[in-house]
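Welcome, and thanks for taking a look at this one with me. Please open the structure below, and we will walk through it topic by topic.

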Amino acid sequence: MTFKPTRRTVLTGMGIAGVAGLCAPGLIRPARAASGELNIWAYDGFITDAFRRRFEDETGIRLNIRTVTDQGEQFNLMAAEDGKFSADIVTCAGHRFYQFIDAGFLAPIDRAKLGNWNRIEDEYASASWVSRSGEQWGVPLVVVSTGLLYNTEEIEAPESWDVMFNEANAGRTAYQIQDFFQIAMNYLGYDGSAASYMNTPDVAQRAVDATRDFLIEHKHMVRRYYEAATEIQQMMVTGDVALAQAGSGPSSQLIIDGFPAAYTIPREGGLAYAYGFNITKDAANMENAYTFLNALLADAENGAEIVRSTGLSSTIKGTEALLTDQEKEALALSAEERSRLSWVDVETAPFIFDLIDKAAEEIRAA
Amino acid sequence: MTRLLIHLRRYSVYRGLTDLYARSPLARVLIVCIVPLLWIIGTTVAPLAQMVLVSFYDSFPVREGEAARWTLANYASFFERPLYLTAFMRSFVFATVVTLLTLLVVFPIAYYIAKVAPRGRRTRLLLLVIAPFWVSEIIRSFAWIVMLANRGAVNSFFSFIGMPGTPVELLYNNFSLTIGVIYLTSLYMLLPLYAALEKIDDNVLEAAANLGAPAWRRFLRIVLPLSRDGVVAGCSLVFLLVIGLYAMPQLLGGPGNTLFATTIGQIFAKAGASWPQGSAFSIILTGAALAYVGLFVAIFQRRGRGRA
């Protein structure tokens, strides 16, 4: 029997196809939820190819990874999705995740489902930036410090952030405005964490304004304000900058790759914070998300792989023992340098970052 | 074709459409325009209308269970802080200068292809000029970074010839940004110019030459006036493109040349309720850019009519 399309069948078929097309968003989401998949937004290198292969082979859960570069990018994408999040897991910075929680984007961690929580180093598992409103909101994954990266062939080992404002280095410096701002506040003698300004917002505003004016005054010395953390590697390699405020990850990678650079925390201090995986509110693949997080925490080798792919320190117990001497050296800071690091205060972060974000716009526009 | 039309007549939808088409001129216009109109409304007007709406919100996204509150504060914030105005003015000056430079650079190329090159080679030459535009803006920006960096091709050449003062800072400043943007927008100047120049009758130019008009006079009295539509179209396109550029200024620009589009991008990129302010600034930029280009087009058209 041959099928001969009539006008009626063609029109009916087109009608069904149209209705199916209109319903697609509603149909696809439950289908993805039931299909053994997990949708993750992660920074580059946070989920290594090796782990992904092992995880997919062992569990049959397919990972759909979207690489992100920024907290604001994720926040705005989630805001646009209006509660129907396409991601099951997102990557939040310890000092920014309050914005995601307050906006209702995240689900608290159910410790009963996360059997491998005890595989996280104790100091990070109990850190203040994992908790808010009496709940734990994510799994800390890597620890970042922000310090001074310099080309050892062009700059003598600096001990102070002074070098960033020395006219001799004009045109050879770079920084991320928001990240550098708190460091600059400390450098100028203000309280970069804003902990002491909580009840005196006018004092905080004056401190931020003074720092902003100082950075605008020295703007001519900056070769570039960069955005993505890895951009600094490119600028160092092309020789366009010799000094930069930079994250420990890109700095370590550059050093491990043999570039003549060093990373230090100058005496006025640097910042430390962590990135973690957070489960989104009403995630379509909630069970798969817990399977993934348990698998990630299960083995220190996963932590070592993340260290190698990002240059950042892992929070998984036993990771350090698996690193080579060269990797340890690139990641290591002396006890004195470590003592100069201050953790970004999660309680004061909403207050101070609002002021800093505005100041950053003004510095850029000036 | 005739068989196809006869076949289509069997369908009531087709018959209905053709009957409607034959009914009146207005119906014909409606049928022809309905798809493009829907496209323009759906892809251009609707997002812009949404942005206008958001620009008057107190916060966005509006939280569940809360009603949207209306405000003019987002527009007012543009005037409250002079630094925004600085970036805004910088964008207009930069876009105007780059548009003029693009015109200066591209006009001779368009003229050569349209008037000097043998007719058989014109398509090939156009393809040659268009070829780099098959590559994305980001990749072309990185190509310029490789060229202009301190250890890039240009500085390596300077070092090779022993030029003093190397490396020269060529990247992350107005120089690198201007070069990159001219490269990016040249096609949008080239095509309207080529179309306008190609239409100029060669006999008119020959007649002028035979009557003793030197090359510069032929250019000023014939080529330039007759290519005015191409110049206006090209300049308008390039200006509107440059005023809204985001990615290339981010990659090739430096701290001293932040454009207003970058400022808007930074506002949108913030995690928090910053969309209303970003939307308000976008509407201000769009409105001002359209007014600027509208004024430019009106002045040139009036001048053109006056001479005609």
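This is a predicted model: local features need pLDDT of at least 70, side-chain atom pairs count only at pLDDT 80 or more; totals for chains, interfaces and linings use all residues.

The points below take each chain in turn and then visit one residue in each.

**Chain A as a whole**
- Chain A contains 14 helices and 13 strands.
- Its C-alpha trace spans about 85 × 45 × 45 Å along the principal axes.
- Of the 366 residues in chain A, 54% are buried.
- Among chain A contacts with a separation of 6 or more, 75% join residues 24 or more positions apart.
- Chain A carries 31 positive and 51 negative side chains, and the centres of these two sets lie 10 Å apart.

**A loop residue in chain A**
- A:Ala194 sits in the loop that runs between α6 (177–187) and α7 (201–217) of chain A.
- With a relative accessible area of 0%, A:Ala194 is buried.
- Leaving aside residues up to four places away in sequence, A:Ala194 touches A:Thr348, A:Phe351 and A:Ile352.
- A:Asp122 is 72 residues from A:Ala194 in sequence, and their C-alpha atoms are 26 Å apart in space.

**Chain B as a whole**
- Chain B has 15 helices and zero strands.
- The radius of gyration of chain B is 25 Å, well over the 19 Å that the globule rule gives for 308 residues, so chain B is more spread out than a compact globule.
- The C-alpha atoms of chain B fill a box of roughly 80 × 75 × 45 Å along the principal axes.
- Buried residues account for 38% of the 308 residues in chain B.
- For contacts in chain B with a separation of 6 or more, 68% are between residues 24 or more positions apart.
- Chain B exposes about 17600 Å², with carbon and sulfur atoms supplying 69% of it.
- The 27 positive and 12 negative charges of chain B have mean positions 9 Å apart.

**A helix residue in chain B**
- B:Asn155 belongs to helix α8 (residues 153–160) of chain B.
- Buried or exposed? B:Asn155 is buried, at a relative accessible area of 1%.
- A polar atom of the B:Asn155 side chain lies 3.2 Å from the backbone oxygen of B:Ala149.
- Not counting residues up to four places away in sequence, the residues that B:Asn155 touches include B:Leu148, B:Asn150, B:Pro167, B:Val168 and B:Leu170, as well as B:Ala149.

Conventions. Residues are numbered from 1 along each chain as its sequence is written. Chains are lettered from A and ligands numbered from 1 in the order in which they are written. Side-chain values use heavy atoms; hydrogens and water are left out. Helices (H or I, at least four residues) and strands (E, at least two) are DSSP runs, numbered from the N terminus. The radius of gyration is taken over C-alpha atoms; the globule rule is 2.2 Å times the number of residues to the power 0.38. Buried means under 20% relative accessible area, exposed over 50%, partly exposed in between (1.4 Å probe, protein chains only). Contact means heavy atoms within 4.5 Å. Accessible areas come from the Shrake-Rupley method with a 1.4 Å probe; for residues, only the protein chains shown count as cover. Lys and Arg count as positive and Asp and Glu as negative; His and the chain ends are not counted. The place of a charge is taken as NZ of Lys, CZ of Arg, CG of Asp or CD of Glu. A polar contact is a pair of N or O atoms within 3.5 Å; within protein, one must be able to donate a hydrogen and the other to accept it, and residues adjacent in sequence count only if both atoms are side-chain atoms.
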